[in-house]
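The questions below go through a predicted model. They take up a few backbone and side-chain details and then the contact between the chains.

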Amino acid sequence: MIFEVLDWNQINAVAAYGGFPNRYPHWRFGMEYQEISKSYAYGLSKIYEMVINNDPSYAYLLHSNMEVDQKLVMAHVYGHSDFFKNNVYFAGTNRKMIDQMGNHRTRVVRLINKLGLDIVEPFIDTCLSLENLIDSRKVGFTPKTPQEREDLEENNEDEKLVKKLKSKDYMDKFVNPKAFLDQQQKKIDDDEKRHRNFPEHPERDVLLFLLEHAPLEKWEHDVLSIIRDEAYYFAPQAQTKIMNEGWAAYHHSQMMTTKILKDSEIIDYADHHAGTVAPQPGRLNPYKLGIELFRDIEDRWNKGKFGADYEACDDLKEKKHWDKKLGLGREKIFEVRKIYNDVTFLDAFLTEDFCHDQKMFMYGFNTMTRQYEIVDRDFRKVKSALLSRMTNQGQAIIEVVDGNSSNRGELTLKHMHDGVDLKLDWAEETLKNLQRIWKRPVHLETVMDEGKRLFSYDGKEFKNQSIS
Amino acid sequence: MFVKIDQDESRFKQIVRGKIRKELKKFMSQGELIGRQGKDLVSIPLPQIDIPHFVRDPRKGNGVGQGEGDVGTPIGGDGDQDGSGQGKAGSDPGEHYLEVEMNYEELAEIMAEELELPKIQPKGNSNLENAKPRYTGINTAGPESLRHFKRTYRQALKRQISSGTYDFEKPFIVPIREDKRYRVSHPVIQPQTRAVIIYMMDVSGSMGAEQKEIVRRESFWLDTWLRAQYKGLETRFIVHDAVAREVDRETFYRIRESGGTIISSAYKLCLQMIEEKYDPASWNIYPFHFSDGDNWSGSDTQECLKLIQEDLLTKCNAFFYGQVESEYGSGQFLRDLTDKFSADDRVITSKISSRDDIYKSIKEFLGKGK
């Protein structure tokens, strides 16, 4: 772990760059910076620390922090660093990302010098508009480069003819009857036909599909692959936000209260810690939810409050005082931080008691009063709403289903509708950006107000048609 | 460490000002920073450009939160950021939202900077200045009446814990002399001028909850700005449908009537108020009228124009009309006003189609320094 101490202006700038001081030039970093620095200047918020997943991990500390705050945030970032290094979803991330970001910057700056900012920047915007179209199931594994995939596919080339069983010539028509051979041949041909579906299977890594098949110029290809690399790098952090913050908060609290704090520092520490884990009205604070869940798991595994016996027990009093003195809590939480992500974490460990203790609720938008309101506190509903919000990091699931629609080289994507419609105006603009990259007409199948729709854009006109 | 954020920042500013990349204009939105003013949350404008993505509509589907409240309790915020799973832990900065109380002066300063508002040249005797104490500092000595309770006890708790006299079983905190903290004042000089805002609002059936919310938010900022300019700002509220009457602030934003709209009734009541209490020679008078632009009849509109021309404009600093777009309003009244007064910069009009227009509209109202 390397610590760097920065003044408030530097830390705000680094925060605007997502933790990396050497990003490629883009206006959105300037926008982030304005928001962060204004919010700081008006006294609304303050950044104490930042840590990035790299080997070694880098952590930035704010110069003006009090000594006790400095200790707290150092303890906190060690928690993050441990998580980065040990959680399986981070296994595939580039641990030399600081260098990689510098490399991205050099490539983009070179393109800007050669082609001009007015050419490169709009294309970056176009790519950014599609940056969430990656396959989140691939996260945790190094995404394959196009070359590796090609190699893989070549090895899989199938034999095109039916293999006959060995036999003497005169026995052949009995051992390999013609009807059977024809049937087998047909099966192979069908397989072949399926092969010719393009892509063969629906592809969720839309960016990869575009890199491989869209008619991009070399520099465009370069920019798009930079955007995709960075999207995959950041994806596991979005997938483990609650766990990661919970883990870091759990450990800073352990370290500070049992080892590090001096008596005179306890009040300032408590004040700061309380500020970090305070539930914000109507929001889920990942620090709060994460630390409480880890503590709950530790307690349950220490006392043996899990498994068939515990579940089967219907004496509330007995359940409450259940303690088999197993002492497995610590071991369990280390196992949990290794193999879970937020969705599986909540699915496995969010219990009904926990949900009530933490006063969790489900909210929705009331079209009558035009505001967000509490809708329900029922455990099953809360949990299912939470899991559905977090699946695919809350992003709509979208796949390439056909790269040669109507046999005219048109591109069709399909939105896996899960009960929540797309934001229509943005979908239209995003589709236009997709067309800019694909060049030929593009389509998106989705569902709006319970009816199937097909959005199309051919470079001139946006169409929103109903389909069956 | 050398960080090159300046280039990106100036590039962004140029885009926002519409100097370059004009195609991004349609993705510009009015973001906001949230501050607090007493019990109210207030937002400070912050320009933003959104990059469109395929995303789930935030107004559909349900989110999850934590806290007290029965079913049906509004949770505040626009819910765009449900905390469930977005963002990046770790390299997401360890950000801390500070609970800061902002006073009117600070808010107005921020507002002036963001919206580039000019200072107002007030009427009345502005040479008279008045120093008013503001308690902004902390000291270790002072009169007991100014003791800062929380800071004193916090100091005492700190001392007791570090000296080992704090008993966790019996958690009593006893401040001693050294623990005591006192508020200290600094004089702030303000010109002594007087002003009154008279808000008038159409509450006929066509003005819905959203329209009133827009008026409420907008008037908060108008209040804030004028309060910072004038000591002792008064506010009065008039609602009207076919008849006008005075109400208090709470009623003003909540009331809902039905029936027709006769705008002149409000103007007449406004004039009557001025007559009774606010002598134009020593008061700065700010009449603001909000409506969706429907009036009962053309002849009443003629009467309104006459009232503005002959009475209101001679007595007030300016006349302000805000037209809040609604589904049912025709918006005719704004056209009539601009036809008649397009040459007169004392009649300031603004069209507010949605919440996003509020800052633009405040700028239109106050940007002329009237």
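Q: In which loop of chain B does R21(B) lie, and is R21(B) buried or exposed?
A: R21(B) sits in the loop between α1 (5-16) and β1 (28-37) of chain B. Its relative accessible area is 11%. Since buried means under 20%, R21(B) counts as buried.

Q: Is N407(A) buried or exposed?
A: N407(A) belongs to the loop between β7 (397-405) and β8 (410-416) of chain A. Although not a glycine, N407(A) has a positive phi of about 55 degrees. The relative accessible area of N407(A) is 63%, and the cut-off for exposed is over 50%, so N407(A) is exposed.

Q: Which residue is joined to P56(A) by a cis peptide bond?
A: P56(A) is in the loop between β3 (49-52) and β4 (58-62) of chain A. Omega of the bond is about 0 degrees, and the partner of P56(A) is D55(A).

Q: With which side chain does the side chain of D179(B) make a polar contact?
A: D179(B) is in the loop between α3 (149-163) and β6 (182-191) of chain B, and at 3% relative accessibility it is buried. Beyond its neighbours within four places in sequence, D179(B) is in contact with T152(B), Q155(B), A156(B), R159(B) and V174(B). The polar contact, at 2.7 Å, is with the side chain of R159(B).

Q: How much area do chain B and chain A bury between them?
A: The contact involves 112 residues of chain A and 82 residues of chain B. Carbon and sulfur atoms account for 57% of the buried area. The total is about 9400 Å².

Q: How many salt bridges does the rule find across the interface of chain B and chain A?
A: E68(B) and K359(A) form a salt bridge, with their closest N and O atoms 3.2 Å apart. Across the interface of chain B and chain A, the number of salt bridges is 10.

Q: Which element gives the largest share of the side of chain B that touches chain A?
A: Elements giving two or more residues to this side include α1, β1, β2 (40-49) and α3 of chain B. The largest share is seven residues, and it comes from α1(B).

Q: Which residue of β3(B) stands opposite M362(A)?
A: Strand β5 (residues 360-366) of chain A pairs with β3(B) in the antiparallel sense, over four bridges. The residue opposite M362(A) is V64(B).

Note on methods:
Residues are numbered from 1 along each chain as its sequence is written. Chains are lettered from A and ligands numbered from 1 in the order in which they are written. This is a predicted model: local features need pLDDT of at least 70, side-chain atom pairs count only at pLDDT 80 or more; totals for chains, interfaces and linings use all residues. Side-chain values use heavy atoms; hydrogens and water are left out. Buried means under 20% relative accessible area, exposed over 50%, partly exposed in between (1.4 Å probe, protein chains only). A polar contact is a pair of N or O atoms within 3.5 Å; within protein, one must be able to donate a hydrogen and the other to accept it, and residues adjacent in sequence count only if both atoms are side-chain atoms. Contact means heavy atoms within 4.5 Å. Buried area is the accessible area (1.4 Å probe) that two parts lose on being put together, summed over both. A salt bridge is a side-chain nitrogen of Lys or Arg within 4 Å of a carboxyl oxygen of Asp or Glu. Two strands pair if DSSP finds at least two bridges between them.
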